[in-house]
Amino acid sequence: MENFVITIARGYGSGGRTIGQMLSERLNIEFYDRDLIKLASEESGINEALFGQSDEKAKAGLFSKKNVYKGEMISPDKKAFTGEENLFNYQAKVIKKLAEEKSCIIVGRCADYVLKDVKNVIRVFVYADEESCVKNVAEVKGILDRKEALKKIAAIDKERAFYYKSHTGRDWNDARNYDLCLNSGDLGFEKCAEIIVNYIKIKLG
């Protein structure tokens, strides 16, 4: 089978990251999430902390059609070299490089859009109902108060949606951006992983 990449966009508390890790074990391929920050820092020479501060977040007012990712880089002599747009550019550069080198799984960071012109990419969106997300956030993050959990879920999903819009010009939760949209609250993590594996077999033979 040829190399392939699975990109996973996910609602907070949906377990998308967990599903990605399951796929990594089942398919014996590498999994990238926050590791991309370190790799982008090494690639650019920009302090890793700056990447962390803007990780899947975008400042209000960033979005305009001219800021949608086009694959361009800002040179080190420019003031905007360490700006939010260029931090995204370097993460995108790393994502493209990984996709060229090997099969892998990439979580978040608009990877589905960055790799939109690359073949053998399986674009997945994982979501879940409110109660499932609250339960998962309580188990994983230890947030036991329901109102606090709901507030956290809404805030992070809003950040992710705005980040996606800022760098792609698209709506994060639009099913047309993805090959598979899976309700992990209904299916469970194991079945979601199984469906993705079966989809890969059908798509790539």
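Which helix gives the most to the lining of the largest pocket? That would be H6, with five residues. Keep in mind that this is a predicted model, where local features need pLDDT of at least 70, side-chain atom pairs count only at pLDDT 80 or more, and totals for chains, interfaces and linings use all residues. Residues are numbered from 1 along each chain as its sequence is written, and side-chain values use heavy atoms, with hydrogens and water left out.

**The terms**

- Everything here is worked out on a 1 Å grid over the protein atoms alone: a cavity is a set of points where a 1.4 Å probe fits but cannot get out, while a pocket is an open set with protein on both sides within 12 Å along at least five of seven lines.
- A lining residue has an atom within 4 Å of a point.
- Grid points are joined across faces, edges and corners, and a volume is the space filled by probe spheres set on the points.
- Helices (H or I, at least four residues) and strands (E, at least two) are DSSP runs, numbered from the N terminus.
- Ala, Val, Leu, Ile, Met, Phe, Trp, Tyr, Cys and Pro count as nonpolar, Asp, Glu, Lys and Arg as charged, and the others, Gly among them, as polar.

**The largest pocket**

- There's about 630 Å³ of space in the largest pocket.
- Its lining takes 26 residues, and Arg10, Tyr12, Arg17, Lys141 and Arg160 are the ones nearest the centre.
- At least two lining residues come from each of helix H1 (16-27), helix H6 (130-141) and helix H7 (146-168).
- Sorted by class, that lining holds 12 charged, nine polar and five nonpolar residues.

**The largest cavity**

- Searching the whole structure turns up two cavities of 30 Å³ or more.
- The largest cavity has a volume of about 100 Å³.
- Of the 14 residues that line the largest cavity, Glu56, Gly108, Arg109, Cys110 and Trp172 lie nearest its centre.
- Strand S1 (5-10), helix H5 (111-114) and H7 are the elements giving two or more residues to this lining, and S1 gives the most, with four.
- The class count for the largest cavity is seven nonpolar, five charged and two polar residues.

**The second largest cavity**

- Here the volume is about 30 Å³.
- The lining of the second largest cavity is made up of Ser54, Lys57, Glu84, Leu87, Phe88, Gln91, Tyr163 and His167.
- By class, the second largest cavity's lining has three nonpolar, three polar and two charged residues.
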